[in-house]
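Dear colleague,

I am passing on the structure we spoke about, and would be grateful if you could look it over with the backbone geometry in mind. My notes follow directly after it.

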Number of protein chains: 2
Amino acid sequence: MRQPELLQTILNRRSYRGRYDGAPVPREDLQAILEAGLAAPSGCNKQTTSLIAVDDPALLADLKKLIGPPVCATAPAIICVLTRPIIAYGDRTYFVQDYAAAIENMLLAICALGYASCWYEGHITDADDIGGQMAKRLGVPEDYRLVCALPVGVPAAPVREPLKKPFAERAWFNGFGAKE
Amino acid sequence: MRQPELLQTILNRRSYRGRYDGAPVPREDLQAILEAGLAAPSGCNKQTTSLIAVDDPALLADLKKLIGPPVCATAPAIICVLTRPIIAYGDRTYFVQDYAAAIENMLLAICALGYASCWYEGHITDADDIGGQMAKRLGVPEDYRLVCALPVGVPAAPVREPLKKPFAERAWFNGFGAKE
């Protein structure tokens with residue numbers, strides 16, 4: 001069964017850094033977004049990614065203070081992405097790939113449900129360790145790392161398209177840079 | 001506009017390691033899958049991921065010899081994922097996250113178009129450096145790494161569900177391990 005409308009959602013997804021309108025995100029939608037994240041594949045099925053959705057007003061306010069406005073400042077919900085940096089086999093780890101795939105699934109689910117978001121990872125994991133402070137506030141054990149915050153909400157402004165290189169500079173058939 | 005059918009595709013996607021039937025993958029479908037991959041976000045929009053779709057029979061046979069049967073052995077097409085491990089800002093890199101998000105987009109697109117696939121990364125990037133040999137055969141410059149092979153085709157056997165931990169062990173609302 002072909003479902004070409006999924007391709008359109010993938011092409012339409014954008015990073016949104018603007019304000020959110022006041023509309024709350026129903027629990028049912030947050031649950032569906034979390035389920036989409038957990039459905040991502042993981043290296044050797046180690047399922048290294050865990051998730052915390054935050055919609056409690058007091059807790060949300062505390063996290064937003066740690067994150068620092070304007071990032072996430074008007075979001076009615078924030079999904080925090082946790083990882084356990086464990087070995088998959090030998091000396092190989094795939095926890096970064098695992099949480100990235102989970103995040104992409106959630107961004108698509110967020111988009112499919114009519115919301116907007118943005119992948120905030122660098123801001124959270126830079127030297128000032130905002131993610132570590134958020135993890136403490138959320139009672140996260142020390143063997144987990146909080147690596148990403150995803151705001152979820154209805155965008156109050158237009159969602160802009162990024163400038164992307166043309167297809168022919170990044171993808172080819174049957175050889176690097178091949179022209180067929 | 002809500003598109004809940006996308007959530008179903010995300011939940012239905014599975015890793016498939018079985019045989020493919022003989023049906024070829026039309027160029028139009030490969031093109032759509034590549035476009036889905038390129039549509040993934042990337043850290044600081046560095047667009048570190050590039051892609052090569054292989055459907056030429058002679059080239060495909062050479063790659064399959066390098067990969068080693070049974071992995072990808074019966075696939076009518078293989079998408080090779082390339083990355084450039086470049087700095088996004090300061091000393092931070094996001095190329096792993098970038099290609100993982102692109103791979104997840106492609107796996108979903110593959111599934112949405114009625115095909116199956118599997119994320120072969122460890123096999124390609126282990127110490128025997130199969131990816132490096134594939135990159136040479138494809139004319140990939142030395143500043144790129146070939147990190148993943150995605151077979152694409154119509155599955156000849158049932159696609160099995162993996163054993164996954166229950167939701168309550170991996171996702172919570174408003175606190176780690178919280179019961180509401």
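This is a predicted model: local features need pLDDT of at least 70, side-chain atom pairs count only at pLDDT 80 or more; totals for chains, interfaces and linings use all residues.

P70(B) is found in the loop between helix 3 (57-67) and strand 2 (77-83) of chain B, where helices are DSSP runs of H or I with at least four residues and strands are DSSP runs of E with at least two, both numbered from the N terminus.

Residues are numbered from 1 along each chain as its sequence is written, chains are lettered from A and ligands numbered from 1 in the order in which they are written, and side-chain values use heavy atoms, with hydrogens and water left out.

Two positive phi values also deserve a look. Q47(A), which is not a glycine, has a positive phi of about 50°; this residue lies in the loop between helix 2 (27-38) and strand 1 (49-54) of chain A, and it is buried at a relative accessible area of 6% (buried means under 20% relative accessible area, with a 1.4 Å probe and protein chains only). N174(B), also a residue other than glycine, has a positive phi near 65° and belongs to the segment after strand 6 (171-173) of chain B, where N174(B) counts as buried at 17% relative accessibility.

Note on methods: Buried means under 20% relative accessible area, exposed over 50%, partly exposed in between (1.4 Å probe, protein chains only).
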